[in-house]
Amino acid sequence: LDRFIPNRSAMDFDYAHFALMEGRKVEGKEQVSSSPSREAYNKQLAETMNLNRTRILAFRNKPQVPVKPYSASLLHQQPKSVKPQRRHIPQTSERTLDAPDLVDDFYLNLLDWGSANVLAIALDHTVYLWDASSGSTSELVTIDEEKGPVTSVNFALDGRNLAVGLNNSEVQIWDSEASRKLRTLKGHHSRVGSLAWNNHVLTTGGLDGQIIDNDVRIRSHVVGTYRGHSQEVCGLKWSGSGQHLASGGNDNVVHVWDRCSTTQWLHRLEEHTAAVKALAWCPFQSSLLATGGGGGDRTIKLWNNRTGACLNSIDTGSQVSSLLWSKNERELLSSHGFTQNQLTLWKYPSMVKMAELTGHTSRVLYMAQSPDGCTVASAAGDETLRFWNVFGVPDTAKKSAPKPVAEPFSHVNRIR
Amino acid sequence: MASKTAAAKDIITLHGSAAIVSEFFCYAANSILYNRAVYPEESFVKVKKYGLPMLLIEDESVKSFLSNLTSQISEWLEAGKLQRVVLVIMSKATGEVLERWNFRIETDNEVVEKGVSREKSDKEIMREIQAIMRQVASSITYLPCLDEACVFDVLAYTDTDVAVPFTWIESDPKLIANPQMVKLHAFDTKIHKVDTLVSYKNDEWDEEE
């Protein structure tokens with residue numbers, strides 16, 4: 001009545017013989033269908049358990065999951081398009097905060113949004129913390145006059161420890177919750193404009209062109225120095241795996257370093273014709289790196305980190321100060337200066353423009369992404385900090401178009 | 001291809017055999033993805049291969065995944081270190097393994113160690129591969145319907161002395177409990193012999209055997 005394929009296999013001695021994969025005699029004639037399967041399964045299991053002979057490997061970088069909803073009949077022509085409904089991308093910022101005395105310097109990195117949903121911004125000599133869940137602002141520290149201004153800020157993975165790079169070449173590590181300085185790192189000869197954490201290692205990039213790995217747990221914290229840039233290191237990003245470090249400099253060069261080998265870079269990418277501050281590792285494709293060039297270059301370039309090959313180069317028409325990949329979709333966001341001072345959202349891999357977000361009245365310098373991946377904060381020379389729901393609305397808030405904010409941050413509230 | 005001469009018997013080298021097998025795997029994987037509708041039909045484009053119309057997926061991420069795979073598989077085959085390649089189809093929602101396409105590889109170690117070559121006609125190998133491809137395509141007649149959205153992955157079973165490249169990670173075997181199994185044809189380049197087997201999750205047994 002039903003499919004007797006299993007039975008057919010069971011009666012097929014050649015098959016059974018193969019399935020057992022040895023010269024063993026097959027007991028069954030009319031076996032219950034599951035028996036040779038079970039034997040074969042056990043054999044298969046035994047084989048795979050035989051770990052002293054075999055190693056099972058899977059390729060790290062999985063292919064994109066099929067998006068289309070599966071229809072019941074095989075090979076059925078789907079009339080509607082592949083993508084789910086296009087979401088509404090609000091063209092204006094959700095909220096704008098004042099950021100007076102924000103230093104208008106392209107080479108610095110004064111904004112970061114940590115995993116505890118606290119945003120840190122440095123305004124001249126002071127570091128402020130803005131709690132996105134409550135909407136409250138607090139001052140973390142005002143640096144002594146001769147040490148400052150602050151030139152970079154970066155949260156560690158825990159979202160609690162904050163690294164603060166200074167103009168006088170020092171880097172301070174702060175416990176942002178207890179408002180306590182934990183230690184001061186020295187090593188650079190001039191200002192530290194870029195920071196990147198890799199677990200307990202804080203990598204710092206300086207005007208002196210050096211990149212230093214600092215193990216913040218030990219006294220003698222300098223554990224590695226990467227030399228290769230001849231001018232200020234303004235961009236620094238560790239890959240998601242923590243294995244590769246991308247650095248961009250005012251010398252127009254991008255280096256990719258392997259964590260284990262600080263003396264020789266993995267790739268030296270010289271295609272940009274201006275300073276490279278914008279760097280972003282792709283979260284959904286592990287060997288993909290996006291870089292953006294300054295005013296004399298204005299391109300976004302995409303690189304295959306395994307081979308060092310440039311996969312694509314897009315002329316954006318404007319200085320690129322920052323790049324962020326979406327965590328939810330295959331999209332890339334770039335921030336720009338003259339003339340539009342906009343954020344541009346690109347579809348990947350087609351690099352078609354999906355949206356242009358305007359509002360800033362002076363060049364956008366710094367961007368940071370919320371831990372839930374939905375909101376982006378941008379700070380510009382116009383001394384404002386703006387928030388954009390560009391990557392989507394948090395699930396719990398459903399798919400409604402963003403409403404005017406009734407209570408403070410009603411939409412960013414439901415992040416956890 | 002592998003053969004150097006157009007004579008009646010063709011020479012197969014280790015390198016050539018590895019190329020044949022890894023290329024076979026790429027086309028077989030594409031065929032499975034198409035026939036099992038893991039990806040929608042429109043994502044595929046038709047090409048001629050093995051004397052058959054074969055389908056290749058257009059999606060960049062799948063293409064690059066498969067090409068990375070095949071180049072690594074080819075390397076392992078030349079080193080004689082690859083034991084099998086398994087294409088696993090899992091439920092997208094639950095991650096449960098629904099189907100396993102098992103390509104077991106037997107390598108003639110003498111060739112790997114001594115660097116000798118073998119003789120076999122290209123045509124014959126192609127015919128054997130063609131038979132397998134036909135069987136894959138016709139497998140939809142007996143394999144249970146995959147009613148839900150599925151994803152796939154590929155596992156490589158290698159010797160333990162293989163250095164794991166950083167783009168690969170150790171994995172569990174992703175077995176199916178109490179599977180049904182169907183053996184397909186094999187092909188042999190005289191250096192590598194590839195057996196094909198598909199095992200799949202039992203359909204809901206309404207009545208017992």
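These legends walk through several close-up views of a predicted model. Residues are numbered from 1 along each chain as its sequence is written, chains are lettered from A and ligands numbered from 1 in the order in which they are written. Local features need pLDDT of at least 70, side-chain atom pairs count only at pLDDT 80 or more, and totals for chains, interfaces and linings use all residues, while side-chain values use heavy atoms, with hydrogens and water left out.

**View 1. Chain A as a whole, with its strands and helices.** Chain A holds 4 helices and 29 strands; helices (H or I, at least four residues) and strands (E, at least two) are DSSP runs, numbered from the N terminus. Of the 416 residues in this chain, 55% are buried. Here buried means under 20% relative accessible area, exposed means over 50%, and partly exposed is in between, with a 1.4 Å probe and protein chains only. Take the contacts (heavy atoms within 4.5 Å) in chain A between residues at least 6 apart in sequence: 44% of them join residues at least 24 apart.

View 2. How many of the 5 residues of strand β9 (residues 171–175) of chain A are buried? The count is 5 of the 5, so the strand is largely enclosed by the rest of the structure. Val171(A), Ile173(A) and Asp175(A) point one way from β9(A), Gln172(A) and Trp174(A) the other. On one side, strand β8 (residues 161–166) of chain A runs antiparallel to β9(A), joined by 5 bridges; two strands pair if DSSP finds at least two bridges between them. Leu162(A) stands opposite Trp174(A). β8(A) and β9(A) make a hairpin with 4 residues between them, and Ser169(A) in the turn has a positive phi of about 90°. β9(A) also pairs with strand β10 (residues 180–185) of chain A, again antiparallel and over 5 bridges, with Val171(A) opposite Leu185(A). This hairpin of β9(A) and β10(A) has 4 residues between its strands too, and Ser179(A) in its turn has a positive phi of about 55°.

View 3. The whole structure has 19 aromatic pairs over all chains. Rings of Phe, Tyr and Trp (its six-membered ring) pair if their centres lie within 6.5 Å; planes under 30 degrees apart count as stacked, over 60 as edge-to-face and the rest as tilted. Trp130(A) and Phe387(A) have ring centres 4.6 Å apart and planes at 35°, so theirs is a tilted pair. Trp130(A) sits in strand β5 (residues 126–131) of chain A and Phe387(A) in strand β29 (residues 384–388) of chain A, so the pair ties together parts 257 residues apart in sequence. Both residues, Trp130(A) and Phe387(A), are buried. Trp257(A) is buried at 0% relative accessibility, whereas Trp265(A) is partly exposed at 27%. One aromatic cluster brings together Phe59(A), Tyr39(B), Phe65(B), Trp76(B), Phe152(B) and Trp168(B).

**View 4. Charges over rings.** Lys277(A) lies over the face of Phe106(A), 5.3 Å from the ring centre. In chain B, the charged end of Arg84(B) sits over the ring of Tyr157(B), 5.1 Å from its centre. To count, NZ of Lys or CZ of Arg must be within 6 Å of the ring centre and within 35 degrees of the ring normal.

**View 5. The largest nonpolar core.** A nonpolar core is a set of buried Ala, Val, Leu, Ile, Met, Phe, Trp, Tyr and Cys residues joined through side-chain atoms within 4.5 Å. The largest one has 61 residues, and those touching the most other members include Phe24(B), Trp101(B) and Phe187(B). Helix α1 (residues 14–35) of chain B gives the most to this core, with 13 residues. A second, separate core of 36 residues includes Leu123(A), Val127(A), Leu166(A) and Ala377(A).

**View 6. Around Val194 of chain B.** Val194(B) belongs to strand β10 (residues 192–200) of chain B and is buried at 1% relative accessibility. Leaving out residues up to four places away in sequence, Val194(B) touches several residues, among them Val21(B), Phe24(B), Phe103(B) and Phe187(B).
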